Amino acid sequence: MTETTYPDRIKPITPSAERLDAQRRRAKLAHAVRRASIYILAVAIAIWILLPIWLIASMAFSTPADVRAFPKQILPSPFSTQTLEFFLNTQGIINSTINSLVVAVLALVISTLLAVPAGYAIARYLFPGRDAIRLGILSVRAFPVVVLAVPLAVVFIRLGMFDKVHSLAMMHAALTLPTTILVVASVFASVPYELEEAALIFGCTRAQAFWRIVLPLALPGIAAAAILTFVLSWNEVFAAILLTISNRTLPAQILYTLDKSGDPFKFAGGFFMLVPSLIFIFFIRRYLFNMWGQINK
Amino acid sequence: MKKIGLTPYLLLLPSLIYLLLFFAYPMVQSLQLALRREGQYLHLRAEAKEEAAPTGTVAMQTDVTVLDRVRGEELLPNGRTRPVYWFLVEGPDTSGVPVQGWVSQRDVFIESRTESTTARVVNGEATQEWTLDYVRRMVTDFRFGNALATSVLLIVLILPLQFILAIVMALVLQSQIRGSTVFLYIYAIPLGISDLASGILWYSIFTQRGFLNSFLVSTGLLDQPFIFIQAGNQGWMIAAIVLAEVWRATSIVMVIVVSGLQAVSRDVIEAGEVFGANLWQRLRYIILPMLKPSLQVALILRTILAFQVFAVVVAITGGNVITVLANETYRWYDPARFNNPNVAAVYAGFIMLLSLGISFFYLRAVRSQEEATRAT
Amino acid sequence: MKKIPFLALVVVAVLLIAGTVIAQDNSLTFMSTQFNVVEEAEKARAILAGFEGAAVEFVGSEEGPLLDLLRAEGQAGEGTVDVIGALHGTFPTLVNDDLMFDLTELLASIEEETDVNDAFVQLGRMGTEDYQYYIPWMQATYTMAAHKDALQYLPEGADVNALTWEQLAQWAQAMQEATGKPQLGFPVAGLFHRFLEGYAFPSFTGGMVTKFKSPEAAEMLRFMRDDLWPYVNPESINYDFMNEPLLSGEVLVAFDHTARLKPAFDERPEDFIAFPAPAGPAGRGYMPVVAGLGIPFTAPDPDGAEALIRFMLSPETQGAVLHDLGFYPVVSGVDTSDLPEGVAIQAAAVEAQANAEDAIPSLLPVGLGERGGEINEIFRNAFNRVVIEGQDIETVLEEEGAALQTLMDETGAACWAPDPPSEGACQVE
């Protein structure tokens, strides 16, 4: 703590001033203690989140023998990619990873293409039934995927759409669509309408104004919403395991082989599945609150 | 805001149709699966031909006497032939009256196509009828009660912990500490982690030779690894699931709470500070009441999602001793186990009713509370 | 005008040449639900390379896709798959859809040279008398395995190769008392239902379905609950592959499918022994698992398919499968002198178990069709309710027995070994 020094002539002379100084110092100390405890709390929570990820990562980068060893080490030494290689070389893993990527990208495209016009309508137009539609869209989010997946599997079998990557992507798009619409609406709402108006005045058509002014401004937010769709689809297990057999996605494949595989496989799989989260959440972290902020209202 | 026209409806139309297709239609199907049975009946034919006139109808598993047979042959593209048998059979029809007619080999089980004098009906045409059998099957299944109890117990244990932790996380992030974007990133990571991955993570900690036992044994707190995951000690399994779920699903609550906090004007909070309210008072009288709408949304969302979680239970406990409703749904659906989508549909419907019921209850509880405060 | 016929001629010529080239490329497609794992598939391909009749394309597949593909090909009337290799339990669906050739004649001609196991041949007829849906291909089973350190705790006078359930319980107790923790493990999250169907019930009751709620069955459950389970590693409920806890040292003694114990024997053959499952009052129940080879009606080349099956049944090929892949022969005359150490240890135990004087072979459920999984759940329920949840034995057996009877009635399945053959649906006594 830096001591404030006063030149002699303005040195406080009254006793009350001295007390004031002590009081201020105490307050400063209390403040420092409070700040420190907040930091400690912040770090403690960060450790709580990161520790399990660290542990599983250290398993994924140990040799299979070390994975089975006891006591387990929390540092991967010797560092080895054997366990991960074994996991990736297991039949079906590469395929299901590709399936997962295809499903997630398709779901993202479908859901975004549908959500952009819908979100724009909700953000920019006041029309009868707007609130009812908003509420309807939100309440759809409440239907458990469990309820949808079982009958959809039966319908898909009947229509010859069962066990197809695009069928699952359509299902995932449906699951994320309500959220995406509301998020996109909030993104559009945050683009000032004045800009659009100005464009109209300068002779743009409405479509041009949307295309040249609104969309570029909203694009980062829409991209974040799209990434969220991607992550949800990448993680979704229940619909995936019901709607596919030979074209399983990664989580479905891992769940399916869970009782047919050993710890090295499980741990490597657990680590492999969470890597996209580490990457994507980093990119969309700034948009998270925008997205969910609107849903509250 | 723009003028009302047809435009907003046209913009919304694709999404609404899509949602209707993927939500409303399956709901109707689900109801059918749960409450309608596909009975099967076999029509006997006057001649040994598919299109011949029916002579009578027999139920599945009826034993019939074989009176005559004809053997036809079908030429296959690979140059071989396949035998196609028709049998003239006699047996009781659906009302017990004996009938005679021809059936194809496909529709009966017969020990010897050339010799046997009896056969059993195994195939036929589907008809639909209403039934409560599947509902009865779910309710009488001995795992139903366990699954329901465990699902509810998990929600009761997980949600309060989650909300406390989420509010603490949100307050930490809002306290303008340095590096708060880094903390935000770290706190948000579990948002993108599936319940399966989280289950595997926590399995690696709680398994007999996992990290927790490694820590306890190498620090000398225990001589021998303690077996956390065991049938005789379900408390530890529940604890492991609770930790895994709190670890994974608190982020989403945290995000909702932070968005809510951002809406709470800083002036109001600072005013509280100026008037000497301590942290607890500020929390109790200013922050929490203003967060109420966000918390309510988070509560409903988390409850609904919590009923759908099952991969974490399977990954940590194997899903046999500890089970939840969603796991039972999958167990009944699974072709390798019950292979019975009908009972699975009943389970799914039950989960939905439960979710809706609880959401409704939350909304009512909050409203009546508000009315009570207004009255006083 | 003259150019057109010329062009047509060229096209026809090209087509003809292409046609003959394709026809000459007489490769066979062998689709299998076994050997799906990459390394296993490679070994299987190496063995198939020894087939001289044609090039064989080995396609690994899960059961579901294989069934879907064959059904689709059956509907189209033309197909791509010549031979399928699958577990017994995969065939009922194929039989139900009437997709498979009758292989009676092929089997007869194979048996002129090699003797094929009669019980498995019978299984391949799927309950009929004169229609051979598949020809047995190879077998596996379930045995016990133990770390050599465990042998010192064996009860006095007990022969590890002829254990009784009582002795196993005493052994487990002795191990727990000596080492301070339970050392016996079962794959409760894995194939445990086979343990109940093929080992526990038959060795106490002599039957599987018919004696399901007999007093002997009640006695078996009481034994499991009171005498055995207290000394079983409680984490068993989460075990699926017993080679894992054996290798990591969590348990010293375990029961599982031979393929699921194999990695332990491959990795450390000097540390582990394999031995037959214990015997109960009625005998030594054990469950052989059989995989079969069949030819779908839609096979492009049935003659080639028959030649391939003949090749797969030859003692040399059967020996190679045992040597490289650890699945056991279904024909006699296989040379077992030159096996890898781990395989030899397991082979000896499998041999001893099947040839034990008191052996009761208990077959996989037959005739349940699409509901084949339900019987497993019933057996598991009975065990879970009594042993893990502590419910009343008689009530549980009565209730689960009723569920079992409903299943038998609704599918019309006749009894299978070890239960005596029945007219009509199998009856729980």
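**View 1. Gly342(C), a buried glycine in helix H14 of chain C.** In this predicted model, Gly342(C) has 21 C-beta neighbours inside 10 Å, so this residue counts as buried. The label buried asks for 20 or more other C-beta atoms within 10 Å of a residue's own, exposed for 12 or fewer, and partly exposed covers what lies in between, with C-beta atoms placed from the backbone. Helix H14 of chain C, where you will find Gly342(C), covers residues 341-354. Helices here are DSSP runs of H or I with at least four residues, strands are runs of E with at least two, and both are numbered from the N terminus. Beyond its neighbours within four places in sequence, Gly342(C) is in contact with Lys262(C), Phe265(C), Asp266(C) and Pro269(C); contact means C-beta atoms, placed from the backbone, within 7 Å.

A word on reading the labels: residues are numbered from 1 along each chain as its sequence is written, while chains are lettered from A and ligands numbered from 1 in the order in which they are written. Because the model is predicted, local features need pLDDT of at least 70 and side-chain atom pairs count only at pLDDT 80 or more, whereas totals for chains, interfaces and linings use all residues.

**View 2. Strands S3, S4 and S7 of chain B.** Strand S3 (residues 63-75) and strand S4 (residues 81-92) run antiparallel, joined by ten bridges. Two strands pair if DSSP finds at least two bridges between them. In S4(B), Phe87(B) is the bridge partner of Arg69(B). The two strands form a hairpin with five residues between them, and Gly79(B) in the turn has a positive phi of about 95°. On to strand S7 (residues 118-121): S3(B) runs antiparallel to this strand too, through three bridges, with Val64(B) opposite Ala119(B).

**View 3. Ile316(B) in the largest nonpolar core.** This core holds 319 residues, and Ile316(B) is among those that touch the most other members, together with Ala149(A), Val184(A), Leu243(A), Val257(B) and Tyr347(B). A nonpolar core is a set of buried Ala, Val, Leu, Ile, Met, Phe, Trp, Tyr and Cys residues joined through C-beta atoms within 7 Å. A second, separate core of 16 residues includes Val64(B), Val66(B), Phe87(B) and Ala119(B).

**View 4. Where chain A touches chain B.** Here 71 residues of chain A are in contact with 75 residues of chain B. The chain A side divides into 61 nonpolar, six polar and four charged residues. In this count Ala, Val, Leu, Ile, Met, Phe, Trp, Tyr, Cys and Pro are nonpolar, Asp, Glu, Lys and Arg are charged, and the others, Gly among them, are polar.

**View 5. The two domains of chain A.** Domain 1 spans 8-82 and domain 2 spans 91-296, with bounds from an automatic or database domain assignment. Their C-alpha centres are 36 Å apart. Eight residues of domain 1 are in contact with seven residues of domain 2. On the domain 1 side, helix H1 (15-60) gives the most, with five residues.

Conventions. Two residues are in contact if their C-beta atoms, placed from the backbone, lie within 7 Å.
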